[in-house]
Amino acid sequence: MSAPLVKLEGINFYYNRGKPSEVHALKDINLEIERGGYVAFFGPSGCGKTTLTYLIGGIETENTDEGHILINGRDLRGLSKKELAVYRQVGVGIIFQQFNLLPSLTVLDNVALPMAFLGISVDRRRKEAMKLLDRFSMTSKADRFPSELSGGQQQRVSIARALANNPPLIIADEPLGNLDSENANKALEFLKELNEKDGRTIIMVTHESWSLRDAKTIFYLKDGELIRKEQPEKKKEAQKKLSEHLYHNLFPDVTPERLMARSLSYMLMRGFSGDEIKRFEMFLAKRLAGEIDTPTFIDFLDSPYKEGGVGLWKQRAIAIAKTVEDIVEKRKTVEDVYTDLQKDPETPLYEAVSKMRSWLLEDYKGILSDIQIVRFDEAVEDRFRNIISPENFRQVLELPRVDFGVGLAPGTVRTISEKLETILTGKNLQVFH
Ligand code: ADP
Ligand code: MG
């Protein structure tokens with residue numbers, strides 16, 4: 001077996017070592033990245049992501065002699081200055097958050113610049129650079145200066161430049177930070193394409209969970225430590241197999257409506273006896289399956305228990321029926337979402353998610369800040385797409401804001417999660433690629 005493309009062994013890294021301002025930025029990091037992989041370094045600001053990419057990118061190789069940075073099995077710290085320069089020029093392409101384009105050079109020359117180190121002629125360089133610009137639909141801007149471009153356009157130029165010398169490894173440090181959502185999505189698409197079509201190994205650095213969607217391996221960092229490694233595809237596959245097995249083999253005659261009725265009954269009938277809940281569940285399943293209409297449903301709910309009803313007060317019965325209507329409505333939205341996703345897994349879910357948000361939060365008394373809303377929506381969308389488990393969803397909602405969560409109270413989170421899982425019942429067992 002060949003060596004992994006990147007291997008870090010026992011890396012400790014300090015800024016200002018021995019001084020009062022010493023920062024222990026990376027603590028005993030061990031990790032491997034296979035050729036052709038797409039990995040993400042994920043964690044809050046200051047956790048050491050950029051430092052880690054500087055080590056792998058050969059930008060920062062001094063400051064410590066603890067540990068090994070192996071690229072293709074060769075330790076970067078054992079390379080001569082010249083060898084290291086070659087690695088930086090052709091071994092790796094870095095896309096910086098700030099784009100780092102040279103303001104005095106045209107777009108074309110910015111992209112062509114890295115090739116200068118290889119001694120390629122100016123004409124040839126420009127020709128190759130033009131091809132790269134073409135790939136990112138940027139040829140019309142070739143003679144412009146970076147300051148004349150939008151953020152999204154500068155980003156594409158910086159991706160093109162990272163590709164100039166055809167490096168097998170692309171590092172993108174927070175490549176989406178300065179982009180609006182449309183351009184951020186495009187940038188993610190480019191990275192995915194570079195990985196899947198061009199076979200480049202991608203390292204994506206981010207602190208935003210939604211941008212993890214294409215990563216096959218996620219390394220979680222916190223305070224300079226690598227705290228977790230996750231492979232969502234593998235996990236998703238395992239989860240899918242398990243839930244399909246449970247769903248189809250253990251309960252062959254259980255329909256999503258009946259499962260929904262069960263969880264809803266407990267939600268709506270808290271405080272009632274087991275028998276009452278059971279009877280309620282039976283009517284609810286019929287209503288959810290469309291076998292009875294709302295007036296009939298209300299009739300059953302407020303008929304006395306002895307006569308086969310649930311024995312609720314009329315007002316209570318009406319209120320519950322209304323909630324159920326609401327859920328039937330939301331369930332339709334869910335059906336639509338999944339029909340769309342089946343046609344095109346990339347379908348944006350923005351609208352469906354924001355519709356869902358007001359419903360999920362209808363009992364929440366507080367007000368969410370813009371940032372909380374963005375995170376909340378991300379989490380709901382990830383749940384729709386089945387990228388995260390119900391448990392992950394609750395974690396994100398509960399996690400304090402400083403840790404990139406929404407910061408909601410446990411009770412609120414429980415209610416929201418119950419509601420969401422109820423309308424998703426039986427739906428996201430399917431996996432979308
Ligand atoms: P991230 O990219 O995850 O935000 P960084 O790798 O930039 O994190 O920083 C990791 C830690 O190292 C932080 O505590 C940061 O303040 C510190 N740090 C980063 N660069 C320097 C530097 N040049 N000098 C001193 N400390 C630094
Ligand atoms: Mg950083």
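Analyst: A backbone N or O atom of cysteine 47 lies 3.2 Å from an oxygen atom of ligand 1. Glycine 48 also contributes a backbone N or O atom, at 3.1 Å from an oxygen atom of the ligand. Threonine 51 takes part through its side chain, where an N or O atom is 2.5 Å from a ligand oxygen. Each of these is a polar contact, that is, a pair of N or O atoms within 3.5 Å; within protein, one atom must be able to donate a hydrogen and the other to accept it, and residues adjacent in sequence count only if both atoms are side-chain atoms.

The model is predicted, with local features requiring pLDDT of at least 70 and side-chain atom pairs pLDDT 80 or more, while totals for chains, interfaces and linings use all residues. Residues are numbered from 1 along each chain as its sequence is written, chains are lettered from A and ligands numbered from 1 in the order in which they are written, and side-chain values use heavy atoms, without hydrogens and water.

Around ligand 1 stand Tyr15, Asn16, Val23, Ala25, Pro44, Ser45, Gly46, Cys47, Gly48, Lys49, Thr50 and Thr51; a residue belongs to this group if one of its heavy atoms lies within 4 Å of the ligand.

Lysine 49, one of these residues, lies in helix H1 (residues 49-56). Helices (H or I, at least four residues) and strands (E, at least two) are DSSP runs, numbered from the N terminus. Lysine 49 is buried, with a relative accessible area of 4%; buried means under 20% relative accessible area, exposed over 50%, and partly exposed in between, computed with a 1.4 Å probe on protein chains only. The side chain of lysine 49 reaches the backbone oxygen of glycine 43 at 2.9 Å. Leaving aside residues up to four places away in sequence, lysine 49 touches Phe41, Phe42, Gly43, Pro44, Glu174, Val205, Thr206, His207 and Leu221, where contact means heavy atoms within 4.5 Å.

Because six of its eight residues are buried, H1 is largely enclosed by the rest of the structure. After H1 comes glycine 58, with a positive phi near 75 degrees.

An open sheet of four strands has the order E2-E1-E4-E5, with antiparallel pairing; two strands pair if DSSP finds at least two bridges between them. E2 and strand E5 (74-75) stand at the edges with a single partner strand each, so one side of each is left without a neighbour in the sheet. Strand E1 (residues 6-15) and strand E4 (residues 68-71) are joined by four bridges and run antiparallel, and leucine 8 has isoleucine 69 in E4 as its bridge partner. H1 packs on this sheet, touching E1, E2 and E4, and its direction makes about 120 degrees with that of E1. Such angles run from 0 to 180 degrees between N-to-C directions, using lines fitted to C-alpha atoms, for helices over the stretch in contact. Strand E2 (residues 23-33) also holds aspartate 28, a residue other than glycine whose phi is positive, near 45 degrees. Aspartate 28 is partly exposed, at 48% relative accessible area.

The other sheet is open and has six strands in the order E6-E7-E8-E3-E9-E10, with mixed pairing. Strand E6 (92-95) and strand E10 (225-230) are its edges, each with a single partner strand, so one side of each lacks a neighbour in the sheet. From one strand to the next, the twist averages 20 degrees. E6 and E7 run parallel and are joined by four bridges, with isoleucine 94 opposite isoleucine 171 in E7. Strand E7 (residues 169-173) in turn pairs with strand E8 (residues 201-206) in the parallel sense over five bridges. Aspartate 173 has valine 205 of E8 as its bridge partner, and valine 205 is also among the residues touched by lysine 49.
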